[in-house]
Amino acid sequence: NSGWLNEEEFWFQSERTGYSHLYKIHISSLAMTPLTMGNFEILRTTLSPDRKIFTLTTNEVHPGEQQVYHLPVQGGQAIRITPKTGGHQAFPSPDGKHLAFLYSYSNLPWELYVQENKPDAPPKQITDKASSPEFKTYSWRIPEGITFTARDGAQVHARLYRPAKKTNNKAAVIFVHGAGYLQNAHRWWSSYFREYLFHNLLADQGYTVLDM
């Protein structure tokens, strides 16, 4: 992600701190200014048509969430635009006045929404195609998000599926995802949907499932 702010300033993303953040650089003086900072990632960046506002998708709220913010091009406090807990993939309209986004939650597949591109604007759901009526008859679980400390001190995020007390068989299944950068312990519909479906089945059978 990168582009021009004006004839003298260029914006870009860099992982120089260990997290992907937004910067701008003055091409004459080579002075570089961080526009965002902290222990979170800037996942997507779009510059408004008038080049005054960045629309950012970040995981500042939680590593397992994707929320949309507005940030002035000179930096400062980012303002959250999307109100719902979960994942958002946002696309500003050409005039910058509206925001279309795909939204999903842990037990809800992705659907399309539209809202005014401003804080506290109510989103309107446009599609209802991702789940069949039969699919909706099952009460898909919202896994509990937990964090524990590994032996090396790292914080490990995980999804925990608990069986009902009356069916609890006192056994557990641990699903370890080990690809590194990609992770599954988030609050939107998983690309590992087969595993998610299987974890629900295991919980129905009385197993406690830990998905790390």
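**A guided reading of the model**

Guide: Leucine 30 lies in the loop between S3 and strand S4 (32-34). The model under discussion is a predicted one.

Visitor: What is the phi of leucine 30, and is leucine 30 buried or exposed?

Guide: Leucine 30 is not a glycine, yet its phi is positive, at about 65°. A residue counts as exposed when its relative accessible area is over 50%. For leucine 30 that area is 60%, so the residue is exposed.

Visitor: Where is aspartate 120 placed, and what is its relative accessible area?

Guide: Aspartate 120 also has a positive phi of about 65° although it is not a glycine. Its place is in the loop between strand S11 (108-116) and strand S12 (124-125). Aspartate 120 is exposed, and its relative accessible area is 76%.

Visitor: How many helices and strands are there in the protein?

Guide: The C-alpha trace spans about 65 × 45 × 25 Å along its principal axes. Of the 212 residues, 38% count as buried. The protein has two helices and 16 strands.

Visitor: Which residues form the largest nonpolar core?

Guide: In soluble globular proteins, nonpolar side chains tend to be buried together. The largest nonpolar core of this protein has 10 residues. They are Leu5, Trp11, Leu22, Leu35, Phe40, Ile42, Phe54, Leu56, Leu71 and Val73.

Visitor: How many residues are in the second, separate core?

Guide: This core includes Val68, Phe101, Tyr103 and Tyr113. Its number of residues is seven.

Visitor: Is isoleucine 42 buried or exposed?

Guide: Isoleucine 42 lies in strand S5 (residues 42-47) and belongs to the largest nonpolar core. Not counting residues up to four places away in sequence, isoleucine 42 touches Gln13, Ser20, His21, Leu22, Thr36, Leu56, Thr57 and Thr58. The threshold for burial is a relative accessible area under 20%. Isoleucine 42 has a value of 2%, so this residue is buried.

Visitor: What distance separates the C-alpha atoms of isoleucine 42 and tyrosine 103?

Guide: Isoleucine 42 is a member of the largest nonpolar core, whereas Tyr103 is in the second, separate core. Along the chain, isoleucine 42 and tyrosine 103 are 61 residues apart. Their C-alpha atoms are separated by 18 Å.

Visitor: With which residues is valine 73 in contact, leaving aside its neighbours within four places in sequence?

Guide: Val73 is another member of the largest nonpolar core. Its contacts include the charged residues Lys24, Arg51 and Lys52.

Visitor: Which residue forms a salt bridge with lysine 24?

Guide: Lysine 24 lies in strand S3 and is buried, with a relative accessible area of 13%. Among its contacts beyond four places in sequence are Leu5, Glu9, Trp11, Leu35 and Val73. Its salt-bridge partner has its closest atom 3.5 Å away, counted between N and O, and is glutamate 9.

Visitor: How many residues apart are glutamate 9 and lysine 24?

Guide: Glutamate 9 is buried, with a relative accessible area of 19%. It is in strand S2 (residues 9-14), while lysine 24 is in strand S3 (residues 21-26). The pair links distant parts of the chain, and the separation is 15 residues.

Visitor: Which residue forms a salt bridge with aspartate 204?

Guide: Aspartate 204 is in helix H2 (residues 193-204) and is 63 residues apart from its partner. That partner is in the loop between helix H1 (133-136) and strand S13 (144-149). The closest N and O atoms are 2.8 Å apart, and the residue is arginine 141.

Visitor: What is the relative accessible area of arginine 162, which forms a salt bridge with glutamate 144?

Guide: The closest N and O atoms of glutamate 144 and arginine 162 are 2.8 Å apart. Glutamate 144 lies in strand S13 and arginine 162 in the loop between strand S14 (155-161) and strand S15 (172-175), so the pair ties together parts 18 residues apart in sequence. Glutamate 144 counts as partly exposed at 34% relative accessibility. Arginine 162 is exposed, and its relative accessible area is 53%.

Key. Residues numbered from 1 in each chain as written. Predicted model: local features only at pLDDT ≥ 70, side-chain atom pairs only at ≥ 80, totals over all residues. Heavy atoms only, no water. Core = buried A, V, L, I, M, F, W, Y, C linked by side-chain atoms within 4.5 Å. Buried < 20%, exposed > 50% of the residue type's maximum accessible area, 1.4 Å probe, protein only. Contact = heavy atoms within 4.5 Å. Salt bridge = Lys/Arg side-chain N within 4 Å of Asp/Glu carboxyl O. Helix = DSSP H or I, 4+ residues; strand = E, 2+ residues; numbered from the N terminus.
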